[in-house]
Amino acid sequence: MKLRPRLSIAVLAAALVAGCATQPQPLQGDYNPITPRMAVDSEMSGATVRWGGRVIQVEPKENRTCFEVLSTRLNANARPYWASDDTGGRFIACRNGFYDPAVFEAGREVTFTGRIAGYEDRQIGGYSYRFPMVEADVVYLWPVREQVDVITHPAPWPWWGWW
């Protein structure tokens with residue numbers, strides 16, 4: 001059976017586009033390339049953002065849940081880049097519904113999409129900190145990264161071989 005050239009090209013194009021879509025579907029889209037620190041320095045209310053990082057604490061309220069997050073840059077998959085202390089400040093993201101603090105425990109990686117809805121001043125220890133507030137459309141909890149120990153030295157005997 002001979003495939004038509006147009007059909008072959010369409011199938012190939014669809015496969016290429018699917019291969020390029022590395023971000024989870026709920027996190028795809030166009031967002032402002034600003035960090036929480038940049039949003040604090042200049043008024044950015046209403047901007048659509050995709051921010052992520054590590055959960056510091058979760059605050060369930062009556063009808064919604066708020067997350068305090070230490071922001072980190074995102075990799076190509078929109079997952080927080082975890083191997084760096086280069087942070088973009090802190091932010092608070094809130095979404096309707098209950099998100100269990102036992103699941104969204106401190107240190108878990110999470111990505112949010114939404115709109116900057118304003119700012120809130122809170123204390124971190126004795127320091128007054130201005131948090132950008134995000135009304136989240138998406139709360140994406142990433143699977144826990146498994147740590148793998150890599151052994152880079154040989155066994156304690158001097159010979160090698162299959163025996």
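Start by selecting V110, which lies in strand β4; strands here are DSSP E runs of at least two residues, helices are H or I runs of at least four, and both are numbered from the N terminus. The model is predicted, and local features need pLDDT of at least 70, side-chain atom pairs count only at pLDDT 80 or more, and totals for chains, interfaces and linings use all residues. Residues are numbered from 1 along each chain as its sequence is written, and side-chain values use heavy atoms, with hydrogens and water left out.

V110 counts as buried because its relative accessibility is 0%; buried means under 20% relative accessible area, exposed over 50%, and partly exposed in between, with a 1.4 Å probe and protein chains only. Next, show the residues in contact with V110, where contact means heavy atoms within 4.5 Å. Neighbours within four places in sequence aside, they are W51, G52, G53, V55, V69, P80, F104, V139, Y140, L141 and W142. For a distance label, pick the C-alpha atoms of V110 and Y140: they are separated by 5.5 Å, while the two residues are 30 apart along the chain.

**The whole chain**

Zoom out and colour by secondary structure. The protein has 2 helices and 5 strands, in the order α-α-β-β-β-β-β along the sequence. Of its 163 residues, 31% are buried. Among contacts between residues at least 6 apart in sequence, 65% join residues at least 24 apart.

**W51 and the nonpolar cores**

Select W51, F67, F112 and V139. These have the most contacts inside the largest nonpolar core, which has 19 residues; a nonpolar core is a set of buried Ala, Val, Leu, Ile, Met, Phe, Trp, Tyr and Cys residues joined through side-chain atoms within 4.5 Å. Two or more residues of this core come from each of β1, β2, β3, β4 (109-124) and β5 (127-141). The largest share, 4 residues, is that of β1. Centre on W51: beyond four places in sequence, W51 touches I34, T35, P36, A39, L74, F91, V110, T111, F112, I116, P132 and V134. A second, separate core has 6 residues, including C66, C94, Y129 and M133.

**The disulfide**

Keep C66 and C94 selected and show their side chains. The whole structure contains 1 disulfide, a disulfide being a pair of cysteine sulfur atoms within 2.5 Å. The sulfur atoms of C66 and C94 are 2.0 Å apart. The link is right-handed, with 110° about the S-S bond. It joins distant parts of the chain, since C66 is in strand β2 and C94 in strand β3, 28 residues apart. Both cysteines are buried.

Move to T113, in strand β4. T113 counts as buried because its relative accessibility is 3%. Its contacts beyond four places in sequence are P26, L27, Y31, V49, R50, E135, A136, D137 and V138.

Then select A78, in the loop between β2 and β3. Most residues other than glycine have a negative phi. Phi of A78 is near 75°, a positive value in a residue other than glycine. A78 is buried, with a relative accessible area of 1%.

**The pockets**

Rolling a probe the size of a water molecule over the atoms shows where empty space is left. On a 1 Å grid over the protein atoms alone, a pocket is an open set of points where a 1.4 Å probe fits, with protein on both sides within 12 Å along at least five of seven lines; lining residues have an atom within 4 Å of a point. Grid points are joined across faces, edges and corners, and a volume is the space filled by probe spheres set on the points.

The largest pocket has a volume of about 260 Å³. Select I34, T35, T72, R73 and L74, which are the closest to its centre of the 16 lining residues. At least two lining residues come from each of β1 (48-60), β2 (64-72) and β3 (87-96), and β1 gives the most, with 3. By class, the lining has 6 nonpolar, 7 polar and 3 charged residues; Ala, Val, Leu, Ile, Met, Phe, Trp, Tyr, Cys and Pro count as nonpolar, Asp, Glu, Lys and Arg as charged, and the others, Gly among them, as polar. T72 is in strand β2 and counts as buried at 6% relative accessibility.

For the last stop, select R54, R79, W82, G107, R108, E109, W142, P143, V144, R145, E146 and Q147, which line the second largest pocket. This pocket holds about 190 Å³ of space, and its lining has 4 nonpolar, 2 polar and 6 charged residues.
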